[in-house]
Each structure stands twice: as C-alpha cells, then as structure tokens.
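Open the model in your viewer and keep the sequence panel beside it.

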Amino acid sequence: MMRTAQPPPEPSRSGETCARRFAGVERNDPFTQAVRALCERRAAAKPATNAMNTESSRRPAARPPQPSTPSSGASPSATRSGPSDARAADAADAVELLQHEIKLPSLPSVLLELYEVAEDPRSSATDMAAVVSRDPGLAALLLRMVNSAFYGFPRRIDTVPRAVAVIGQRQLAMLATGGVVARIFGETPAETIRLETFWRHSVGVGILARTLARRLRLNDPERHFVAGLLHDIGRLALCSVAPERVRAALAESRRRAIPLRQAESQAAGIDHAAFGSMLLRKWNLPFSLALAVLRHHDPTREDAREEAAVVHVADWLMKALHPALEDEFLLPPLAEGAWERVGLPLSDLPSIAEDVDASLAATLSALRSGAA
Ligand SMILES: [Fe+2]
Ligand SMILES: [Fe+2]
C-alpha cells in the first residue's frame, strides 16, 4: 500500500512567535539554544494564550536587524556598548533632560530612615516597625509581600516586627524600596508606556534575579529582586520628563528594528539604564543598586558587579520566555559570557522558569495594591 507523504508540520502560531522573538539573536551558544527550545516548548503548551496575548501578534512582523552600516550605527558592538552611546549622541539633549529634574518625584523620607535603622547594628525589629508604621500603606504592602507566594511561608505573618524577624532588617528595607518606587511610578501617568506591561516585566525580572541569586547562594536575594524590579525604572523616569522623546525612540526602535536603548540614546541623548541609575543616586539609594541598574545591559564592563550579570540574564530570560510582556520589539543581544558568569547549569532553566510562573501574579498584585 502506498503511503501518502506527510507534509511538514505547519509552524504553530506560538512557534512563529518564538521565531520572531529570536530573529535578531546572532549567538547560537548552548544557553541561547536551550532558552529558545524552552520558549518553544512553553509556547506550544499554551498556544491559545500566546496567540491571543502576544504583543507581537498585534504588531507587524519583525524584520531581522538590518545589516549595520556606518550611518545606522546598529552594529552588535554598538548595541553592547554602554552609556558611551549617550555621549556619542547629542549631549545637549541629556543636559536638557537633567534640567527637568524638577519633574521627577521625590522619595519619601521614610525609606531613607529605614536604611538608617537597617544599617544600625543596635537597632531592633521594633525600631524598624516604628518607622514603617508611619506609612500605613507601606506597612500593608510589606505584609502582603511577605505573605504572598513570593516567600511561600507556611504560616501567616501578621505584624511588621514579625516580618522583620523572619526576613531580616536589610531585606525588609530593600523590599520597601521596591514597593515605594513602584508606588511612586504607579501613580505617574505614563501614556507612552503600558504600565501593566511594564510592571509585569519588571516584577518578573525581579523574581528571576532573586531566584538566580538564591540558587547561587548569593547574599541578600532581596537586593537582587529590587535591582531586577527597578532595572528599567529609567524608562518611566524618561517618560516623566520627555514623553515625546520616548515616543520617538519607541517608534524608531520598531521602524529600524534596533534595540530600544540605542533609539533612546539617539532620541534623548541618554538611555534608560543611565537615566534610571542617576535617579536612584539622586534619591540616595544604595550605590550597588544604582550600579546594577546602570550596567544591566553591560554586565561585562569592568566596573559592573555580580548583580548586573544576574539582572542582565534575568531580563533576557524574561523577554525570551514571556514575549507577551515586553514593550521592546526584538530580543536584544545577550552579553557574551553573561550566563557563564552567572554559572548555573542549563538543566536548571525549566525550574527557574517555573519559579517566575508560580509567583508572578501574586507578587505583582501585592506590589500594585500598594499603589492604590
Ligand atoms: Fe533595560
Ligand atoms: Fe527590561
């Protein structure tokens, strides 16, 4: 009996989504291959969700990156370069942005007091709770966070002193930082950025960074969570002072299929990593946090520390695995050696992805309720 040759399977909608997402990724190392395979497996398992919800399904198909020319400035090395991009662009634009600093929100003093108490070896959980209690919204937010799936404690934690005792003073100060900044920008009208999309991505990167830090047994996983949560905060800050430039950068990024930060440097004279880190320093938040934000796209720079590599990988993984949650058009280049620097086995990837799936919705809800 003659057999009819089977046609090759149609690429699924979800497979197309992954293919589009990875169109600009030039590297094909084992990490990239493993993430892409995982992306396809996950997309195939949830085809309806992906077909309905992906940002890219509502946009024109992505063009692969254009061959770089001297005039486009879109070479891979250019995309990996750091804030020198900003210097190469019109520096007058950056100065003008800084003059709009007045438009940026200020940080509530309660947060700086929390850091002071956390750093004082003589202080107690009660001292910490006394500071937190002056901001009932913050106290409620912290309790929601410690009782959420993010921590997964078996018993309910009802008081701030108990929360301090369970997770530690510095960790609570870090968590408060994330919550307070999310609250500040949750209230900022940002018509150029979909806040829902922005925060889902940011919270996902925070959870992934914390997961990586815990698996690597690094100190202060909360510090990594907050660095991940705030890594793109410069995008909201730029929206506050120069929404029209952010709109121009987004349009240019899509039109030329170039990384968003490159388009930001060209449209505003500074990218979101540099602008976000400047904002955190203006707020006197820890230098290590500002540095992680500054280098989250350049973790191999000499002055970058471990957090930047962890956040860079977390950011890239989130973009690869949750393409529906990202405003950027194409998956940007992964810094060479970033995964190797993190140093986890590839076999950990599926369970790392499950960690973010398990607590993303609950963590997002705990943080966002605080903005109300
Ligand atoms: Fe970024
Ligand atoms: Fe990001």
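Helices (H or I, at least four residues) and strands (E, at least two) are DSSP runs, numbered from the N terminus. The model is predicted, so local features need pLDDT of at least 70 and side-chain atom pairs count only at pLDDT 80 or more, while totals for chains, interfaces and linings use all residues. Residues are numbered from 1 along each chain as its sequence is written, and chains are lettered from A and ligands numbered from 1 in the order in which they are written.

**Whole chain**

Select the chain and colour it by pLDDT, the predictor's confidence in each residue, from 0 to 100. The average is 78, and 76% of the residues score at least 70. Now select residues 1-11: pLDDT is below 50 here, and the stretch has one contact in the model beyond near neighbours in sequence. Two residues are in contact if their C-beta atoms, placed from the backbone, lie within 7 Å. Residues 48-89 also have pLDDT below 50, but this stretch has 69 contacts beyond near neighbours in sequence. Where pLDDT is low, the predicted coordinates should not be read in detail.

Switch to a cartoon: the chain has 21 helices and zero strands. Of its 372 residues, 46% are buried. A residue is buried if 20 or more other C-beta atoms lie within 10 Å of its own, exposed if 12 or fewer, and partly exposed in between, with C-beta atoms placed from the backbone. Among contacts between residues at least 6 apart in sequence, 72% join residues at least 24 apart.

**Helices α7 and α8**

Select 109-119 (α7) and 125-132 (α8); their axes come within 9 Å and cross at roughly 175 degrees. Axes are lines fitted to C-alpha atoms, for helices over the stretch in contact, and angles run from 0 to 180 degrees between N-to-C directions. The two helices are therefore roughly antiparallel, a term for angles over 145 degrees. Show the side chains of V110, E113, L114, V117 and A118 on α7, and of D127, M128, V131 and V132 on α8, which make the contact.

**S148**

Move to the loop between α9 (136-146) and α10 (160-167), where S148 is found. Which residues does S148 touch, not counting those up to four places away in sequence? They are S359, A362, T363 and A366. S148 is partly exposed, with 18 other C-beta atoms within 10 Å.

Select 195-215, helix α12, whose 21 residues reach 30 Å from first C-alpha to last, close to the 30 Å expected at 1.5 Å a residue. The expected span is 1.5 Å times one less than the number of residues. Because 16 of its 21 residues are buried, α12 is largely enclosed by the rest of the structure.

Continue into the loop between α12 and α13 (221-229), which holds R217. Phi of R217 is positive, near 55 degrees, and this residue is exposed, with 7 other C-beta atoms within 10 Å. D220 lies in that loop too. Its phi is near 50 degrees, and D220 is partly exposed, with 17 other C-beta atoms within 10 Å. Most residues other than glycine have a negative phi.

**Helix α17**

Finish at 272-282, helix α17, where nine of the 11 residues are buried. Among them are H272, F275, M278 and L280. Just after α17, select N284, which has a positive phi of about 60 degrees.

Technical notes. Angles under 35 degrees count as roughly parallel, over 145 as roughly antiparallel, 65 to 115 as roughly perpendicular and the rest as oblique.
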